[in-house]
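Visitor: I'm new to reading protein structures. Could you walk me through this one?

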Amino acid sequence: MTELGPLIHGFWYLLRGAGMTLLMAGVAIVPATLFGMALALLQVFGHRATQAAIVAYLFLMRGIPLLVLLTFAYYLLPLTGIDLPPFWGVVVVIALYYAAFMCEVFRAGILSLPLAQWDAARSLGMTRGLILRIVILPQALRLAAPPFVSLCANLVKATSLVSIVGLWELTMASREIVERTLAPFQIFLGAAAIYFCICYGLALYGRHLERRVLHGH
């Protein structure tokens, strides 16, 4: 019992940190999703120059670790006159980073649909925008839902990196308790369990969506 004492006494503090982690992840997912969808549509249907610019952006984001981007934004953006509050600065960086991965998920969903659906819709006199809105995007989003949920779980885990720039969340809360109790094993075991519960819940939901897609529901 005494070995778990530090974890028991600090459990509510860890839950508060988990709440901040979920808030940060939830706020970042919204712009990441919208920007990722816009990138996917432009990459599939945009002009060649636009497509080339998007491909360059995707390679840049996927080729640089998120930790480096967070550090870069934290230390260098203020020198350019851009001084965002730490929370919003972190949200912007995470959103821009994960939008590159969500773009690929949505693009794959769009391209996986047969061209015959486009031809059939055109034969009915539907415009390109109408085809996208009522035929292509609903199906593409349905196909993209399982990998999208997996990306959201990865985003939640990635928020642990923001402690490097001093932003308080679950990992930072764990470090603060460890500094007071000198019980790193118990505290980080508790933090790992919280992360696992969050991400496992998302993984189960992703598997549920995948089964629905496979069975055509």
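Predicted model: local features only at pLDDT ≥ 70, side-chain atom pairs only at ≥ 80, totals over all residues.

Visitor: Which residue lies over the face of Tyr13?

Guide: Look for a charge within 6 Å of the ring centre. Here the distance is 5.5 Å from the centre of the Tyr13 ring. The residue lying over that face is Arg180.

Visitor: How are the rings of Phe87 and Trp88 arranged?

Guide: A pair of aromatic rings is described by the distance of the centres and the angle of the planes. For Phe87 and Trp88, the centres are 5.2 Å apart and the planes meet at 90°. Planes over 60 degrees apart count as edge-to-face, so this pair is edge-to-face.

Visitor: Is Phe87 buried or exposed?

Guide: Buried means under 20% relative accessible area. Phe87 has 18%, so it's buried.

Visitor: What does Arg62 form a salt bridge with?

Guide: Side chains of opposite charge can pair when their charged atoms come close. Arg62 lies in helix α2 and its partner in helix α4, so the pair ties together parts that are 42 residues apart in sequence. The closest N and O atoms are 3.8 Å apart, and the partner is Glu104.

Visitor: Where do Glu104 and Arg107 lie?

Guide: These two also form a salt bridge, with the closest N and O atoms 3.1 Å apart. They're three residues apart, about one turn of the helix, and both lie in helix α4.

Terms used: Residues numbered from 1 in each chain as written. Heavy atoms only, no water. Phe/Tyr/Trp six-rings, centres within 6.5 Å; stacked < 30°, edge-to-face > 60°. Buried < 20%, exposed > 50% of the residue type's maximum accessible area, 1.4 Å probe, protein only. Lys NZ or Arg CZ within 6 Å of the ring centre and 35° of its normal. Salt bridge = Lys/Arg side-chain N within 4 Å of Asp/Glu carboxyl O. Helix = DSSP H or I, 4+ residues; strand = E, 2+ residues; numbered from the N terminus.
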